[in-house]
Amino acid sequence: GPTSSEKARQIYQDWSSPVKSRNREDIAIRRSDNERGMERIGRRLAHQQEVPWVEYWPFLDAYVDLATVEGLEALENYFATGKNANGSIEEQDRKS
């Protein structure tokens with residue numbers, strides 16, 4: 001992957017630690033949205049450890065980090081053209 005095994009272990013350990021050991025902000029995030037809250041915590045941990053965080057976006061047909069210039073450009077291009085990262089038009093648009 002994009003990081004060392006040691007750093008990956010540390011991020012995993014921090015991310016999967018019991019809720020009682022997390023700070024109050026992490027607890028509030030997790031309680032506010034159980035599924036997305038964990039993603040937000042993981043994204044923050046990756047950023048703190050300077051590890052790239054990318055997610056697969058089906059409508060873009062690509063893994064991108066929407067917090068980067070490149071990721072935002074892919075999103076803006078999609079909105080401007082209706083095409084994903086591979087240059088193809090979304091399937092639902094073809095049916096119209």
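Is E50 buried or exposed? At 72% relative accessibility, E50 counts as exposed. Exposed means over 50% relative accessible area, buried under 20%, and partly exposed in between, with a 1.4 Å probe and protein chains only. The model is predicted, so local features need pLDDT of at least 70 and side-chain atom pairs count only at pLDDT 80 or more, while totals for chains, interfaces and linings use all residues. Residues are numbered from 1 along each chain as its sequence is written, and side-chain values use heavy atoms, leaving out hydrogens and water.

**View 1. The whole protein chain.**
The protein chain has five helices and two strands. Along the sequence the pattern is α-α-α-β-β-α-α. These elements are DSSP runs numbered from the N terminus: helices are H or I with at least four residues, strands are E with at least two. Of the 96 residues, 27% are buried. The accessible surface is about 7200 Å², and 51% of it belongs to carbon and sulfur atoms. Accessible areas come from the Shrake-Rupley method with a 1.4 Å probe.

**View 2. Helix α1 against helix α3.**
Two packed helices are described by the angle between their axes and the distance between the axes. Helix α1 (residues 5–16) and helix α3 (residues 34–48) pack at about 145°, with axes 10 Å apart. Axes are lines fitted to C-alpha atoms over the stretch in contact, and angles run from 0 to 180 degrees between N-to-C directions. From α1, the contact takes I11, D14 and W15; from α3, it takes M38, I41, G42, L45 and A46. Contact means heavy atoms within 4.5 Å. By class, six of these residues are nonpolar, one is polar and one is charged. Asp, Glu, Lys and Arg count as charged; Ala, Val, Leu, Ile, Met, Phe, Trp, Tyr, Cys and Pro as nonpolar; the others, Gly among them, as polar.

**View 3. The largest nonpolar core.**
Eight residues form this core: I11, I29, M38, I41, L45, A46, V51 and W53. Helix α3 gives the largest share, four residues. A nonpolar core is a set of buried Ala, Val, Leu, Ile, Met, Phe, Trp, Tyr and Cys residues joined through side-chain atoms within 4.5 Å.

**View 4. E50 in its loop.**
E50 sits in the loop between α3 and β1 (55–57). Its phi is near 60°, a positive value in a residue other than glycine.

**View 5. D61 in its loop.**
D61 lies in the loop between β1 and β2 (62–64). D61 is not a glycine, yet its phi is positive, about 55°. At 31% relative accessibility, D61 counts as partly exposed.
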